[in-house]
Amino acid sequence: MHLRAATLAVFLLSSLLTGCGKSEPEKPKPLDLSKAPVTEPEPEPEAPARKRAPAFTIDDVSVQVGFSRSNLTQPNGAADKAGIEQFEKELGEAKEFIDGQTVTLEVKREAQVSWVASYIEELYELGASGVKVKTDTRSDYPSEVSFVAASRLGKPDGCSAVGMIGDDKSTLVWKLSGGAAQKRQKGMGGPDLTITGDTLLALAKKCSSDLFVAQGQKTIVWGFVYDFAASAMALEGGPFKRASVPTKRPTPGQPVSLARE
């Protein structure tokens with residue numbers, strides 16, 4: 001009797017202890033990342049391509065804005081209206097690179113003078129603060145000269161110097177307001193700009209203007225006119241700092257019209 005009671009007591013105590021004990025929590029199962037959806041990162045938006053300024057150039061064929069060519073004159077010398085409209089359109093589309101800026105205009109020596117004059121006028125019309133014309137020239141002349149549109153000169157001093165290259169490569173120098181034109185004969189390879197320079201300095205002694213107005217007869221290409229302007233800028237002790245080329249070809253000795261033709 002005592003043995004059975006003892007055994008029963010042990011059994012009850014063991015059951016009680018087992019029922020009251022805390023079971024260990026189940027460990028979490030590791031995540032199966034191989035089945036998780038993959039989210040691709042969104043690509044960053046591409047920055048818009050930065051617009052570059054076109055080159056402003058003139059050669060012996062036509063005027064250019066970037067790679068676009070326009071004919072300002074027909075083969076017979078008459079104005080090419082369609083070409084002029086296209087040129088103005090192309091320049092207008094590049095206005096952001098012209099307005100308020102100094103523009104470099106590269107011109108080949110064989111270009112027509114009238115094209116250069118028109119191009120400079122258009123650049124100022126679109127708000128250019130200055131135009132530097134770049135042309136191959138002699139090593140002792142500047143390779144760039146600042147040109148002002150003739151129509152934007154306002155009322156320059158009437159004593160300002162004017163230079164014209166004749167068909168025979170002679171030079172003529174007189175004052176903007178008119179007066180006798182001093183002629184200098186051509187040199188060995190073209191205009192004698194050394195002797196002409198002495199004439200310009202003599203004229204400049206009586207005038208404080210820093211302007212030199214240069215042009216050439218119809219047969220004269222741009223290279224000669226550029227050399228004339230560059231030689232004036234290079235004169236030691238000379239006052240000349242800027243040049244202009246009027247669209248209307250002046251008559252030697254007569255007052256020069258600066259209005260756009």
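A: Happy to, starting with the setting. Among contacts in the protein between residues at least 6 apart in sequence, 68% join residues at least 24 apart. This is a predicted model, and its secondary structure comprises 5 helices and 11 strands. Of its 261 residues, 39% count as buried. The accessible surface is about 16,300 Å², with 53% of that belonging to carbon and sulfur atoms.

Now to the part you asked about. A disulfide is a covalent bond between the sulfur atoms of two cysteines. With sulfur atoms within 2.5 Å as the criterion, the count here is 1 disulfide. Its partners are C159 and C207, whose sulfur atoms lie 1.9 Å apart. The link between C159 and C207 is right-handed, with 65 degrees about the S-S bond. The pair joins distant parts of the chain, 48 residues apart. C159 sits in the loop between β6 (144-147) and β7 (161-165), while C207 belongs to the loop between α4 (193-204) and β10 (211-216).

How about exposure: is each cysteine buried or partly exposed? C207 has a relative accessible area of 12%, and because the cut-off for buried is under 20%, C207 counts as buried. C159, with a relative accessible area of 23%, is partly exposed.

Note on methods:
Residues numbered from 1 in each chain as written. Predicted model: local features only at pLDDT ≥ 70, side-chain atom pairs only at ≥ 80, totals over all residues. Heavy atoms only, no water. Helix = DSSP H or I, 4+ residues; strand = E, 2+ residues; numbered from the N terminus. Buried < 20%, exposed > 50% of the residue type's maximum accessible area, 1.4 Å probe, protein only. Contact = heavy atoms within 4.5 Å. Areas by Shrake-Rupley, 256 points an atom, 1.4 Å probe, with all protein chains shown as cover.
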